[in-house]
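Welcome! Let's walk through some of the terms used for this protein and see what stands behind each of them.

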Amino acid sequence: MSGMRNSIKGPAAAGTDPVPGSASRFMRLAVREARKNLKSPKGGPFGACIVREGRVLAVARNTVLACDSTCHAEVNAIRKASRRLGTYDLSGCVIFSTTEPCPMCFGAIHWARIGLIVYGTSIADAGRVGFNELRISNAALKILGKSRIRIVDGFLRDECLALFKSWKALPDRTIY
């Protein structure tokens, strides 16, 4: 996974690749889902995909503009995966997110016991496009909360940044 910055601490950083071999495919599912908001905006250009043992459990996009500020892509994906499995416990899962999860989503990922977050663009990138972000990184949240979640940042970053570029070009976009 060349070009991918890695903020993982411990054994994974020492040579064991924590990202599944088909990671690009899973992130591209999240990107494709996020693109739906470029055609029919129900939220910002954000998508997420949850995978366990190579099997896609859920793909979701941000639907905040459908009148619920908690409907971020990650939360929507967690809800779908939990319904599918019949449990809140998503241990053994990986979440792929086009953008670094916000503090609310990081908390939901932690409580769902998802072990690995793989994201493309940063919270700072979302802020630069105009989104009202709390600029607290996942790495900082991990440390402050003593979370065991592993984090891989900058994965397929250019493809995820392209979502922001397309979003910015929309004349009728809603920034929230």
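Q: What makes helix α1 roughly parallel to helix α6 in this predicted model?
A: The axes of α1 (residues 23-39) and α6 (residues 157-169) cross at roughly 0°. Angles under 35 degrees count as roughly parallel, so α1 is called roughly parallel to α6. The two axes also come within 10 Å.

Q: How do you know that α1 and α6 meet, and which residues are involved?
A: Contact means heavy atoms within 4.5 Å. On the α1 side, M27, R28, V31, A34, R35, N37 and L38 take part, and they meet E159, C160, L163, S166 and W167 of α6. By type, the residues of this contact divide into 7 nonpolar, 2 polar and 3 charged.

Q: Why is T63 called buried?
A: Buried means under 20% relative accessible area. T63 has 18% relative accessibility, so it counts as buried. You will find T63 in the loop between β3 (55-61) and α2. Leaving aside neighbours within four places in sequence, T63 touches K42, G43, D68, C71 and N76.

Q: What share of the whole chain counts as buried?
A: Of the 176 residues of the protein chain, 51% count as buried.

Q: Which residues of α3 are buried, and what do they pack against?
A: In α3 (103-111), the buried residues are C105, F106, G107, A108 and I109. They pack against α2, β4, β5 (116-121), α5 (138-145) and β6 (150-153). Just after α3 comes R113, with a positive phi of about 65°.

Q: What lines the largest pocket, and what is the volume of this pocket?
A: The volume is about 360 Å³. There are 23 lining residues, and the closest to the centre are H72, C102, N132, E133 and Y176. Elements that each supply at least two residues of the lining include α2 (73-85), β4 (93-99) and α3.

Q: How do the residues of that lining divide by type?
A: The lining has 12 nonpolar, 8 polar and 3 charged residues.

Q: How many helices and strands does the chain have, and in what order do they run?
A: There are 6 helices and 6 strands. From the N terminus on, the order is β-α-β-β-α-β-α-β-α-α-β-α.

Q: What part of the contacts in the chain joins residues 24 or more positions apart?
A: Among contacts with a separation of 6 or more, such pairs account for 62%.

Note on methods: Residues numbered from 1 in each chain as written. Predicted model: local features only at pLDDT ≥ 70, side-chain atom pairs only at ≥ 80, totals over all residues. Heavy atoms only, no water. 1 Å grid on protein atoms, 1.4 Å probe; cavity = no way out; pocket = protein on both sides within 12 Å on 5 of 7 lines; lining within 4 Å. Points joined across faces, edges and corners; volume = space filled by probe spheres on them. Helix = DSSP H or I, 4+ residues; strand = E, 2+ residues; numbered from the N terminus. Nonpolar A, V, L, I, M, F, W, Y, C, P; charged D, E, K, R; others polar. Buried < 20%, exposed > 50% of the residue type's maximum accessible area, 1.4 Å probe, protein only. Axes fitted to C-alpha atoms, helices over the stretch in contact; angles between N-to-C directions. Parallel < 35°, antiparallel > 145°, perpendicular 65-115°, else oblique.
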